[in-house]
Amino acid sequence: MSGTAASKLWEDVNEGERLPDLELPITFRTGILAVVGMRDFNPVHHYSDYATRTTGNRDSWMNTMWHQGLFARFASDWLGPDSDFRSTWLHMTGFIHPGDTVTVEGEVTRRFEEDGEPRVELTIAARTEAGGYVARAGADLAMPSRDAGGVRVREGFVKPSVELDPELPDFAKPWIGQQTDPLWGGYPVSEAQIMYWADMVEDANPLYYDSEYARGSRHGGVIAPLPSLFTWMMGRPSHFGEPFELADPDEPSVKPWPPSREMEGGRVLANRLITTLLSGDWRPPGTTRYAAQRVRQDYGAPLRPGDWLYTRSEVANCTSRKRTRLGEGHFLTLLTSFYRHPPDGDDELIGASQYAFFFYEAEQGIGTPAARSSG
């Protein structure tokens, strides 16, 4: 696609317009590409026997980041490389397993202007023949325009505010706004890993893998996909077990490598965040299980090869006790801010994620073990 990638202009897109459906078979190879593309080594997402044995699901399943990658590919396939994501949201309602065929569909639900730039809003859904609709998503993108010109890189990103639940429980009030120390990803951004992400969902956006095209673009070089933020926060492979203290689900005597899993070069590694979240520090009382429910991401400037990424997280909201089909519990929103640490220059806030978890105590015979740390 070098030098030939076509992009739609804002004036040529209409509200109500449907995007071409995308059909993708999910195979064992898909799972392998997902592990490589996202560096998520949680065995529930690639180890069929383990996933069935520990969660009761019929197989391993595709995680949150894979869904984000698939929907991002679906949008950029249609719009082209000259549009930029401003925000995305994802709500997973079912599972995608090996052996399924996924059909993605979408339409333009809004065409508008905001912050001085032409935008479109897409609604997207994924369904399988076995599970019906298994995920719904949306994306807000800035588009090039005949009148306004090309899309400019978003600078001066500001952390979004989250409206508190009017019935915020007393136990959660001390948690609100208390940020973690900086937590670092296990590796810097690299062109190879960006290409692995593109391979994972067959994303043909040349900004991710065609160096010549990318150098001639408004970005001046290869960039990481904006929805790939969490990929750069994944830790070292043998530091990601389920539970996290278990490096190899088949051999408990295997220890994480390198041996020091909490600190590396003075940096607290990212997996400690999940450990903190699940250890009880931010766990609503009377709950023992959790399920990832919905994630929204907002994006500023893109990451580039050589950057490191670190985050600071805080509890942004918690509901009163609710009853769902899983049981009774609380919806807790974790707000994570993403900071770019370039090889030279100042650190920069470049994104934020609002991740909603349902912490609950399952009713008798309902629910599955808490093994969905990455969706």
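## Two helices side by side

Let's start with a pair of helices: the axes of α1 (residues 28-38) and α4 (residues 191-201) come within 8 Å and cross at roughly 150°. This is a predicted model, and the description here follows from it. Angles over 145 degrees count as roughly antiparallel, so α1 and α4 are roughly antiparallel to each other. Their crossing is left-handed.

Which residues meet where α1 and α4 touch? From α1 come Leu 33, Ala 34, Val 36, Gly 37 and Met 38, and they meet Gln 193, Tyr 196, Trp 197, Asp 199 and Met 200 of α4. Sorted by class, this contact has seven nonpolar, two polar and one charged residues.

## The second largest pocket

Now for a look at an open space in the model. The second largest pocket holds about 240 Å³ of space. It is lined by 17 residues, and the closest to its centre are Ser 87, Arg 119, Asp 140, Arg 296 and Asp 298.

Of the elements, β2 gives the most, with four residues.

## What the pocket lining is made of

Notes: Residues are numbered from 1 along each chain as its sequence is written. This is a predicted model: local features need pLDDT of at least 70, side-chain atom pairs count only at pLDDT 80 or more; totals for chains, interfaces and linings use all residues. Side-chain values use heavy atoms; hydrogens and water are left out. On a 1 Å grid over the protein atoms alone, a cavity is a set of points where a 1.4 Å probe fits but cannot get out, and a pocket is an open set with protein on both sides within 12 Å along at least five of seven lines; lining residues have an atom within 4 Å of a point. Grid points are joined across faces, edges and corners, and a volume is the space filled by probe spheres set on the points. Axes are lines fitted to C-alpha atoms, for helices over the stretch in contact, and angles run from 0 to 180 degrees between N-to-C directions. Angles under 35 degrees count as roughly parallel, over 145 as roughly antiparallel, 65 to 115 as roughly perpendicular and the rest as oblique. A crossing is left-handed if the near helix is turned anticlockwise from the far one by less than a right angle, and right-handed if clockwise. Contact means heavy atoms within 4.5 Å. Ala, Val, Leu, Ile, Met, Phe, Trp, Tyr, Cys and Pro count as nonpolar, Asp, Glu, Lys and Arg as charged, and the others, Gly among them, as polar.
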